[in-house]
Amino acid sequence: MSFLTYLLSGVSLGSIYALIALGYTMVYGISRMLNFAHGDVIMIGAFTLWTAASPSFFPGNPGLPTAVSILISILVCTLLGVLIEKIAYKPLRNASSLAVLITAIGVSYFLQNIALLIFGSDAKAFNSVVSFPGLEIGGMKISAETIVTITVGVLIMVGLSLFIKFSKQGKAMLAVSEDKGAAQLMGINVNSTISLTFAIGSALAAVAGILYCSVFPQVSPYTGAMPGIKAFVAAVFGGIGSIPGAMVGGILLGIIENLSKAYISTEMVDAIVFAVLILVLLVKPTGIMGKKMTEKV
Amino acid sequence: MPMLTIENLEVYYGMIRAIKGISFSVEEGEVIALIGANGAGKTTILHTITGLISPRSGKIDFEGHDLVKTPAHKIVSLGMAHVPEGRRIFPSLTVYENLKLGAYTRKDKAGIEETLKQVYRHFPRLEERKNQVAGTLSGGEQQMLAMGRALMSNPRIILMDEPSMGLSPLYVTEIFSIIKEISKEGKTVLLVEQNAKKALEIANRAYVLETGTISMEGKASEFMQNDLVRKAYLGE
Ligand SMILES: Nc1ncnc2c1ncn2[C@@H]1O[C@H](COP(=O)(O)OP(=O)(O)O)[C@@H](O)[C@H]1O
Ligand SMILES: [Mg+2]
């Protein structure tokens, strides 16, 4: 395999990290909390798709078409994200950040255990949602998943950026992130803006989960943990709270991970990823594109 | 009927009673000055009126609307705008984006454009800097932006919390002359100030707040003559 192939699949993996990192960073921006249950929303998204598309699992389900299953998965995750915020985080809005963090970890375990109860602990084979063959350009093979992941990732990132920059709700999200009190004085409903943020983040997590499980074709209750942590690293790497930072951080992380896997060591890859993070934070504590940190304690 | 009536308002921060049962009213078209030393409770009163803090007891009536029961984000569309203490503009957004957020609840595109023109007429500097990121404006310009942003909702009453705080004398004069203009255009103004002299110059009536209670009220012109006020608040 050539360098370019590794690079491309790195960008593809990185696009997935970026989609997840966007959820972390948007939620952090608006409520100054690290939503550690975000990774598990990915897993729920993948399991929802698996359930909807499998003929056997749900009694009477003939196995829905892929497109319909994807929509259901996105819908379920969107609702789940909004519910998690309403039930678990909203009552803690004025609580200490440690209490919120512990709650987030609790929600994470809760989601994993729900999945364990329903699906059991063994990994299920996941059929890729991409059903067309890859490309071969000048002897270089590019998998269909790589193409789809990069395309979907780029489209979503451009769309989201335009939404935030130009829509009224996008502006409201920025305003609430900067000053909740002042935002209310403008007539912005802070609760529904926070809900919208969780909804968008969780919808992106569903897409990321489907893409991730299409590239690494299995799903288990622990599937969300690793990409969740990596995307969190990517968000911090890019500057937590910064939307372009999450995109750049995610893609860079995917590239670093794939190139170190290819040229340095498969076993060491996670250690390398975390070492890079530590280095970046030592040099620039706010991440690549981070502004000054406003820590809520 | 006054436009805004506050009755027996009590506000607590935890165990601390910050506002101890005050009552006052604002008539349509008036400029009311609420003066008092640092920590008297001026900001707390404004925050309670616009719903950022809930009172322990008391009534706030604005043109027949019970503001105690109205969520903060629904108050601006009733015709009440609040220029908060410390300006609280959105620093990473541009001047123009800040102004547009001031009109967040309005649907009338043509009306918004018209108001924007008026705001630029009051504050030509905001038009010159409309594409500048708000966080990079000077203190005086940020105050203008905060006032312009409040005007964008086309309010009938505007609450201002220490608009002159931390500004150079030149800016203070400019800000107060604009408040006067705004009032001339028919808007009612509730002005909170530590700079009592300037506030009394443009106000019709005034209230003095002392640690959570109103200790004096009357016509602004009489206040200027009152020895007690002159000593305590006008530094004479
Ligand atoms: N968030 C808060 N928590 C606790 N006490 C507060 C808070 N905000 C204000 N206070 C107290 O309430 C009193 C009134 O404060 P404030 O309304 O800010 O006064 P002013 O605006 O007149 O300077 C002060 O004693 C202040 O210390
Ligand atoms: Mg104050």
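Start by selecting ligand 1 and B:Asn38: an oxygen atom of the ligand sits 3.2 Å from an N or O atom in the side chain of B:Asn38, a polar contact (a pair of N or O atoms within 3.5 Å; within protein, one must be able to donate a hydrogen and the other to accept it, and residues adjacent in sequence count only if both atoms are side-chain atoms). Taken alone, ligand 1 exposes 560 Å², and the protein buries 59% of that (areas by the Shrake-Rupley method with a 1.4 Å probe; for residues, only the protein chains shown count as cover).

Before you click on, note that this is a predicted model, where local features need pLDDT of at least 70, side-chain atom pairs count only at pLDDT 80 or more, and totals for chains, interfaces and linings use all residues. Residues are numbered from 1 along each chain as its sequence is written, chains are lettered from A and ligands numbered from 1 in the order in which they are written, and side-chain values use heavy atoms, with hydrogens and water left out.

**Around ligand 1**

Then show the backbone of B:Lys42: one of its N or O atoms lies 2.8 Å from a ligand oxygen. For the whole shell (residues with a heavy atom within 4 Å), select B:Tyr13, B:Ala18, B:Ala37, B:Asn38, B:Gly39, B:Ala40, B:Gly41, B:Lys42, B:Thr43 and B:Thr44. Helix α1 of chain B, residues 42–49, gives the largest share of the shell, with 3 residues; helices (H or I, at least four residues) and strands (E, at least two) are DSSP runs numbered from the N terminus.

**The magnesium ion**

Which protein donors hold ligand 2, the magnesium ion? Select B:Thr43 (OG1) and B:Glu85 (OE), which lie 1.9 to 2.1 Å from the ion; donors are N, O and S atoms within 2.8 Å of the metal (3.2 Å for Na, K and Ca), and water is not among the atoms, so the site may look incomplete. The pair links distant parts of the chain, 42 residues apart: B:Thr43 is in helix α1, while B:Glu85 is in the loop between β6 (80–83) and α2 of chain B. B:Thr43 counts as buried because its relative accessibility is 17%, whereas B:Glu85 is partly exposed at 30% (buried is under 20% relative accessible area, exposed over 50%, partly exposed in between, with a 1.4 Å probe and protein chains only).

**Over to chain A**

Select helix α6, residues 168–178, and colour its buried residues: A:Gly170, A:Lys171, A:Ala172, A:Met173, A:Ala175 and A:Val176. Their cover includes α1 (3–31), α5 (144–166), α7 (180–185) and α8 (190–215) of chain A, together with α2 (95–102) of chain B.

Next, go to A:Thr25 in helix α1 of chain A. Is A:Thr25 buried or exposed? It is buried, at 0% relative accessibility. Among the residues that A:Thr25 touches, not counting those up to four places away in sequence, are A:Ala235, A:Gly239 and A:Ile243 (contact means heavy atoms within 4.5 Å).

A:Gly238 is in helix α9 (residues 225–238) of chain A and is also buried, with a relative accessible area of 0%. Leaving aside neighbours within four places in sequence, A:Gly238 is in contact with A:Gly245, A:Gly249, A:Gly287, A:Ile288, A:Met289 and A:Gly290.

Last stop: A:Thr223, in the loop between β4 (218–219) and α9 of chain A. The side chain of A:Thr223 reaches the backbone nitrogen of A:Ser220 at 2.6 Å.
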